[in-house]
Amino acid sequence: MQLPKPDSSQVIPDTAASSIRTARDALASLLVGALLLFLILAIQKGENPFEKKSEALSYPAQDLRITRGTQISGPTGPSIMPDKGGRSALVIPIESLPAANVSSIEIDFVRIPGDSDIQLTWRAAGKAVSSIKIEHHGQGVVRVFMERIDGWEGEIKLLGITVQSNKTEPWQLSRVSLIPSGWAADYILWFNSLQEFTPWTPGSINWYRGTSRVESSALPIPIFIGWLVISLLTYIVIFLISKRKRPINLATCGIMVLLVWMVTDSLWQLRLGARALETYDRYFHLSQAEKELRTDNWLLVYFAARVKSQILDNSTRVFIDSKSGFLGMRTAYHLYPKNVYWELKSPGLPPPDRIRDGDLVALVDESEIVFDPLTDTLRYNGDKQLSVQKLLETRAGRLFRVRQTDVTRK
Amino acid sequence: MILFAILLLWLPWSACLAAFIPMGAPGRTSLVAGYGMLTGLLMIPVIMRALSYLGLGLSFGSIALTALLVPATLVYIANKRKPGHQVTKAVNDAANFGFTLANLLIAVIIILIVIRTGSLILEVFSRPLFPWDATAHWATKAKVWFEYRDILPFVDRGLWLESDSSFTFTDRHPGYPKTIPLLQTWMCLALGRWNESVMNIPWLMCYFAIGLIFYGQLRFSRSDRLTALAMTYMLLSMPLLNTHTALAGYADLFMAASFGAAVMAFYHWSTSREPWQGLLAATFAIACLLIKNEGLFWLMSLLPGLAFCLFSYRRATTIIAVGMITAVGLLFVFPSAQSIAGHTVLRLKLGFYPEGIGHMLTTLFFWDNWHLLPHLFLALLPLCFFYSSLARHRLAPVTAVIATSLGLFIFLYLFTKESFGVVNQTSINRLALHLVPAIAFVTGIAWIILQQQFIARPGQSEDAK
């Protein structure tokens, strides 16, 4: 088969003038594309994006009423000094506020101890006091999204912030803003869901939605694809109606694709970077043993170490059972290179005639296998019994040594 | 020692590749570095298996010595057989260091890749083993083999229960290929102790290898530097590719690298008949078998592409159609309990599972697993075929490979009980990862052909200059 040889040529502009023209066309098309997409989404939601919405209610620090702790003067304005127990509180001066009108609350912390436990507290008419914990990073703006929070309903009569810290250090905020519902708040909420920190989970290896929210309306990929398609169409339309009749430049299209990709990827990079820093802080300077004890499964690590200490020689086999597939599997992993047997489903023990004297049985967390302390037997699958000696019990699980095997059938 | 172990995974094998890849080939440096690294990652475990088979056990010294001698011998043979290198014309895109959009974008992309790599290095060097399968059946073997300094047998549970040997082990998948746990064992042997961060360095190397091979093969397609770099950035930025590097321990990244390396080399062999590209394609297609049992299916997906290369289109289409009908027929007459590549017809429970369709579309086109790749692939490949007869000619064999692998992928998730893997989103993206570098490459080639065709048309070249 005779194949044509590819030519070697460039389409990427290699002069300053053509670079500027290409970049200008790409950026202009993307900008117009973004605007058009915004309008389409607003119309689709049945909202008029040009309609004036109710404005945010903003309370500067001096308008807030301190109910616990004392106000002191500082170089950057008034601060709040907690009481001797490290507690302080302030109230936002609202008389009455419909909860439905506030989609989020923004608190601008100038300075606050990193270990502080901050609670947003409120009382709705006819309801008990509710509160939620506010995650913070020591300083900066913290936004709390209220729309789906239990208890944020009806007429809000009291709204405040409480701070509990181990240190009696002063803390300071510059203002509290109550952000109304509406498209702006929706977009802020959406953007926040795209880049807020979420840790690695076991599911991370299998999928990545692109957002921490679960609603399909919040997925970023359809939005970014829509943006790219509209921008490309915009560019082509501009080309068609242009009097200069410049040809479509494929490089401009390529740069548009690349820029939209970069925007999409920047959100993932933010998440990846934050996770990497969290991993670094948690593990980097530790030895292997210390790392294992810093994981969420440290109880299993401790349990596995205790089990290993009971293994007399290489011929001792360890059977593991747990209702939790993950906990059973992870315990088995920590026990290797010992000779380990584990099945995903509980009860995962083989028939008693396949188990030998001296073998160990570890029941991790909850198990379908029942230990009868009166007869020192493990019972499973209805009619199976195994005579054992209980060796140890920890918060993670229990360990038994098989004394004799006995098959009992109904 | 760690550095030495890393270099042994790379430099001798790159030296070996340098003897085969002709001087002056576009993207040669990247190709030598990338294919060399991937060869090392796959060959060190082969050496470990050979030494263990010979009863020599697993010692760092003997493995290191063999890992130096084998490539040295190959280099010697290559140089003896081929005294002079073929010179292929390089792409003429001499660097222009003035202010241009291309230079600006190249700088931005390099910075983005460096930031990405930094994030992944932090993760790999800090994190203990995390994901499920890594601790269920990959590192279990590594722990035993490192402890006993030998490849001890892992058998299924029935055999294990009957065994009287204290040195016979079992885990959830005792029959899986040994390459991945042996790589982990190799790193721990170099360190001299068990370490779940150090042993995952090969995943980082595999990530680099994917990037280098991808960039090198795009450059070999006469792509300019910016286009090749931009596409490489796009591939290396994909969330699940990153996740499988950061949360190291699964075999899927290596499968993606090996299958991708094979398909990329196959494309160039099919268009240029460069023998070394054919050798790379064959080597890495066969290497898929060393990584996961499913590698057999990806290896077979290259056959239709081969048919397009060896026969006329009409005859190739006939052969492929007959082959597919035979394969489907075999499914019904094959002994249902007989295992092929870890699967039996009985366990696959053939049938139509329509509930997988929606989940498959959602995960590929609405979630951010692969950024915008599925959309670009579906847009560019048909556009390229429609627009350019050159593309039809050049892309037909590799498109047959991709179509076959995608066909197998769809068959698995819509016509077997493995559809639960798409419904609960457990395995679908891991399998998709195997195909992603190859699909990204074909998408990139489609773009490059469009570029080349577009500016070749009258009236277009002025704007491109």
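Select helix α12 (residues 252-272) of chain B together with helix α20 (residues 389-415) of chain B in this predicted model, and you will see two helices that pack at an angle of about 155° with their axes 7 Å apart, and that are therefore roughly antiparallel to each other (angles over 145 degrees count as roughly antiparallel). The model is predicted, so local features need pLDDT of at least 70 and side-chain atom pairs count only at pLDDT 80 or more, while totals for chains, interfaces and linings use all residues. Residues are numbered from 1 along each chain as its sequence is written, chains are lettered from A and ligands numbered from 1 in the order in which they are written, and side-chain values use heavy atoms, leaving out hydrogens and water.

Now move to the aromatic rings, and select B:Tyr35 and B:Phe284, whose ring centres are 5.4 Å apart with planes at 55°, so the pair is tilted (rings of Phe, Tyr and Trp, the last by its six-membered ring, pair if their centres lie within 6.5 Å, and planes under 30 degrees apart count as stacked, over 60 as edge-to-face and the rest as tilted). B:Tyr35 lies in helix α3 and B:Phe284 in helix α13 of chain B, so the pair ties together parts that are 249 residues apart in sequence. Both residues, B:Tyr35 and B:Phe284, are buried, which means under 20% relative accessible area, calculated with a 1.4 Å probe and protein chains only.

How values were computed: Axes fitted to C-alpha atoms, helices over the stretch in contact; angles between N-to-C directions. Helix = DSSP H or I, 4+ residues; strand = E, 2+ residues; numbered from the N terminus. Parallel < 35°, antiparallel > 145°, perpendicular 65-115°, else oblique. Buried < 20%, exposed > 50% of the residue type's maximum accessible area, 1.4 Å probe, protein only.
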